[in-house]
Amino acid sequence: MEIEKVKCLIIGSGPAGYTAAIYASRAGLSPVLYQGLQPGGQLTITNDVENYPGYPEGVMGPEMMEDFRKQAERFGTDVRYGIATAVDFSSQPHKVTIDDQKVIEAHTVIISTGASAKWLGLDSESRLNGSGVSACAVCDGFFYRGQDVAIVGAGDTAAEEATYLANLCTKVYMIVRRDEMRASTIMQERVKKTKNIEILWNSVTDEILGDQTVEGVRVKNVVSGEMREIPVKGFFVAIGHKPNSDIFKEFLNLDENGYIRTIPGTSKTNIDGVFACGDVQDFTYRQAVTAAGTGCMAALDAERYLAANDLH
C-alpha cells in the first residue's frame with residue numbers, strides 16, 4: 001500500500017473535526033482531514049440551525065458545515081474524501097488505513113467520527129427526515145413551539161426530551177413499546193407529572209403521515225391491535241445513538257455503549273498521541289457548539305504533545 005507521513009491526521013468532519021482542523025492548521029501542524037462516510041456529520045441532515053453562536057438569523061446545517069470546511073481550508077487544512085477502514089495504534093507513528101488502499105502514518109491522530117442516531121427504519125421516517133422528523137429535541141424542538149408533537153422512546157433520553165418538548169409544545173405524545181419505561185424512576189415521575197405529556201403504552205409507530213412535511217403519526221397498540229392516527233407537526237426519535245468507534249475498539253478504551261473514554265478535562269485517550277472529540281466521546285450533550293469546543297481541545301492537546309516530544 002501507498003504510505004504517507006503526516007504530523008496530524010483528523011478522522012471525520014463535522015463541527016469537532018473542522019474546528020480541530022482550524023486550530024491545528026493555525027498552529028502549523030499541516031493537518032490532513034478525511035471527511036468520512038458523512039462529510040459534515042449529522043448537521044448535513046439538519047435544516048435550520050438556530051442555536052449556534054454567530055448566526056443571528058439561523059443557518060442551514062449543510063451551509064454551516066460548508067462554512068466550517070472553507071475556514072479550515074483557508075488556513076491550510078488538506079481536506080479529503082475518504083473513510084478510515086483500519087487503525088494500528090500499537091506504536092508511534094500511528095497507522096490509519098484509508099479506503100483499504102492507503103496507510104497514513106501520523107504522529108497525532110484526532111478522532112471526530114461522531115455518532116449516528118438510531119432510527120425506526122420506516123420509509124416515511126427517512127423521507128421526512130429534516131421535514132418534521134428529528135433525532136434531537138434540543139436542536140429542533142423550538143420550531144414546533146405551540147404545536148403538537150410525538151416522541152418515541154422509553155429511556156432517560158426520551159424522558160428528558162419529552163419534558164423539554166412539553167415546555168415548548170401544546171401537547172407531547174410519548175410512544176412507549178411496553179407497559180413500562182426504561183427510564184430512571186425520577187425521570188419517569190417527571191414525565192408522568194407533566195400535564196401535557198400523554199404516554200401511549202404498549203404502542204409502536206406504524207407510519208409517519210404527511211407528503212412534504214409531518215402531518216401526523218399512525219400508532220398501533222401491540223396488545224389490542226388498534227390503530228390510531230394522531231395529528232402532529234413534529235416527530236422525534238429518541239431510541240439512542242451509536243458512536244462510530246468500532247474500528248478503534250482494539251486499541252482505545254470505550255465505555256459500555258461504545259463511546260471513547262477520554263481523560264476528564266482533556267481530549268486524551270489511553271493511547272499517547274491519539275485524541276477524541278465531538279459526539280464519538282460525548283454521550284451527554286451532543287450539540288454542535290460543544291463538539292466544536294472539544295475539537296479545539298483536541299487540536300491544542302495534539303500541538304502540546306508534538307512539542308513535548310520534539311515532533312514538530
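Predicted model: local features only at pLDDT ≥ 70, side-chain atom pairs only at ≥ 80, totals over all residues.
**Entry 1: the cysteines**

I started with Cys 136, which is buried, at a relative accessible area of 14%. Residues are numbered from 1 along each chain as its sequence is written, and side-chain values use heavy atoms, with hydrogens and water left out.

Which cysteine is joined to Cys 136? I found Cys 139, with 2.2 Å from S to S. A disulfide here is a pair of cysteine sulfur atoms within 2.5 Å. Searching the whole structure gave me one disulfide. The torsion about the S-S bond of Cys 136 and Cys 139 is about 70 degrees, so I noted the disulfide as right-handed. Cys 139 is partly exposed, at 26% relative accessible area.

Next I checked Cys 169, which is in no disulfide; its nearest cysteine sulfur belongs to Cys 136, 13 Å away. Cys 169 counts as buried, at 5% relative accessibility. Cys 296 is in no disulfide either, and the nearest cysteine sulfur, on Cys 277, is 10 Å away. I have Cys 296 down as buried, at 15% relative accessibility.

**Entry 2: helix α7**

I then looked at α7, residues 288-308. (Helices are DSSP runs of H or I with at least four residues, strands are runs of E with at least two, and both are numbered from the N terminus.) α7 has 21 residues and reaches 30 Å from first C-alpha to last, close to the expected 30 Å. That expected span is 1.5 Å times one less than the number of residues.

Cys 296 turned up again among the buried residues of α7, which also include Gly 295, Ala 299 and Tyr 305. What do the buried residues of α7 pack against? I listed β1 (2-11), α1 (14-26), β8 (102-111) and β19 (274-276). After α7 comes Asp 310, with a positive phi near 50 degrees.

**Entry 3: the core**

The largest nonpolar core has 30 residues, and Ile 10, Tyr 18, Tyr 52, Met 64 and Ile 110 touch the most other members. (Such a core is a set of buried Ala, Val, Leu, Ile, Met, Phe, Trp, Tyr and Cys residues joined through side-chain atoms within 4.5 Å.) β1, α1, α2 (61-74) and α7 each give two or more residues to this core. α7 gives the most, with eight residues.

Last, I looked up Ile 110. Leaving aside neighbours within four places in sequence, its contacts (heavy atoms within 4.5 Å) include Cys 8, Phe 275, Cys 277, Ala 298 and Ala 302.

Definitions and conventions
Buried < 20%, exposed > 50% of the residue type's maximum accessible area, 1.4 Å probe, protein only.
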